[in-house]
Amino acid sequence: MSIELLIEHYGLLAIFLGAAFEGETAAFLGGVISHRGLLTYWSASLAATAGSFAGDQFWFFAGRYAARWGLVRRLMETPALARVTRLLERYPTGFILAFRFLVGLRTISPIVIGTTRIPTGKFIILNAVAALVWGQLFTALGYLFGHGIQQTLGHLPLHRHLLIAVGAAAVVAGAALAFRKIKLSARHS
């Protein structure tokens, strides 16, 4: 079975699961794949949105359930999670809308939010809005990147196109993490 057929058959599921558990790279690749015409842009962006929403809801409810555990309470006192909690307490709505865009906070934030008194309904609504913006943004970036690759390098075989996209996503993620680390170390100096 060719990679094109695999994407046509399982691409939306892969984008959904990737967005739920990993995030940006899956949505970005969904945009690249939609640029290639293997999936429609809207189906790829909605799969990314739904995956992001579902993953964050899962972690939110895990936080709600696990908040009673002693281990979780001790972890909440670690410096990183204490910082997340302080941000959340100061700006609850803004934090819920923004956490998925903050490098290094995407996975842990819904768990922390689940341990707070923020109403479930409020989280569901804000999570849906943020997931919709996030899904559209990262899928659109992938679509535009795919267009840029095609304009620059011509019509490449799909596997090369995807390798370039994964490489670019890795470089951007690495740069974002390095920038965050530099910023945090400057703050502590």
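Residues 125-146 are 100% helix and 0% strand, with end C-alpha atoms 32 Å apart. This stretch is one of those that UniProt, in an unreviewed entry, annotates as "transmembrane region". The model shown in every view is predicted.

**View 1. Overall fold.** The protein has nine helices and zero strands. Read from the N terminus, the order of elements is α-α-α-α-α-α-α-α-α. Of the 189 residues, 39% are buried. The accessible surface comes to about 10,500 Å². Carbon and sulfur atoms account for 71% of that surface. Among contacts with a separation of 6 or more, 80% are between residues 24 or more positions apart.

**View 2. Segments annotated in UniProt.** The unreviewed entry gives "transmembrane region" for residues 12-33, 94-113, 125-146 and 158-179. Such annotations may be inferred rather than shown by experiment. Two of these segments are shown here. Residues 94-113 are 55% helix and 0% strand. Their end C-alpha atoms are 12 Å apart. Residues 125-146 are 100% helix. Their end C-alpha atoms are 32 Å apart.

**View 3. The salt bridge between Arg100 and Asp56.** The structure holds one salt bridge. Arg100 pairs with Asp56, and the closest N and O atoms are 2.7 Å apart. The two residues come from distant parts of the chain, 44 residues apart. Arg100 sits in the loop between α6 (92-98) and α7 (108-114). Asp56 sits in helix α3. Side chains of opposite charge can pair when their charged atoms come close.

**View 4. Gln57 in helix α3.** Gln57 belongs to helix α3, which covers residues 41-66. Its relative accessibility is 7%, so Gln57 counts as buried; the cut-off for buried is under 20%. Which residues does Gln57 contact, leaving aside its neighbours within four places in sequence? They are Phe123, Ile124 and Asn127.

**View 5. Ser109 in helix α7.** Ser109 is found in helix α7. Its relative accessible area is 0%, so Ser109 is buried. Leaving aside neighbours within four places in sequence, Ser109 is in contact with Val84, Phe95 and Phe99.

**View 6. Gly142 beside Leu29.** Gly142 lies in helix α8. With a relative accessible area of 0%, Gly142 is buried. How far apart are the C-alpha atoms of Gly142 and Leu29? They are separated by 5.9 Å, although the two residues are 113 residues apart along the chain. Gly142 also touches residues from that part of the sequence. Not counting residues up to four places away in sequence, Gly142 touches Phe28, Gly31 and Val32.

**View 7. The nonpolar surface patch.** Leu97, Phe101, Ile125, Val129, Val133, Leu137 and Leu141 form a nonpolar patch on the surface. Together they have about 570 Å² of accessible area. Which helix gives the most to the patch? Helix α8 (residues 120-153) does, with five residues. Leu137 is in helix α8. Its relative accessible area is 39%, so Leu137 is partly exposed. The band for partly exposed lies between the buried limit of 20% and the exposed limit of 50%.

View 8. The structure has eight aromatic pairs. The ring centres of Phe58 and Trp59 are 4.9 Å apart, with planes at 75°, so this pair is edge-to-face. Trp59 is partly exposed, at 26% relative accessible area. Phe60 and Phe61 also form an edge-to-face pair. Their rings are 5.3 Å centre to centre, with 75° between the planes. Phe60 counts as buried, at 0% relative accessibility, whereas Phe61 is partly exposed, with a relative accessible area of 42%.

**View 9. An aromatic cluster.** Tyr41, Trp42 and Tyr143 form one aromatic cluster. Helix α3 covers residues 41-66, and helix α8 covers residues 120-153.

Methods. Residues are numbered from 1 along each chain as its sequence is written. This is a predicted model: local features need pLDDT of at least 70, side-chain atom pairs count only at pLDDT 80 or more; totals for chains, interfaces and linings use all residues. Side-chain values use heavy atoms; hydrogens and water are left out. Helices (H or I, at least four residues) and strands (E, at least two) are DSSP runs, numbered from the N terminus. Buried means under 20% relative accessible area, exposed over 50%, partly exposed in between (1.4 Å probe, protein chains only). Contact means heavy atoms within 4.5 Å. A salt bridge is a side-chain nitrogen of Lys or Arg within 4 Å of a carboxyl oxygen of Asp or Glu. Patches are made of residues with over 30% relative accessible area and no salt bridge: like charges are joined within 9 Å, nonpolar side chains (Val, Leu, Ile, Met, Phe, Trp, Tyr) within 5 Å. Accessible areas come from the Shrake-Rupley method with a 1.4 Å probe; for residues, only the protein chains shown count as cover. Rings of Phe, Tyr and Trp (its six-membered ring) pair if their centres lie within 6.5 Å; planes under 30 degrees apart count as stacked, over 60 as edge-to-face and the rest as tilted.
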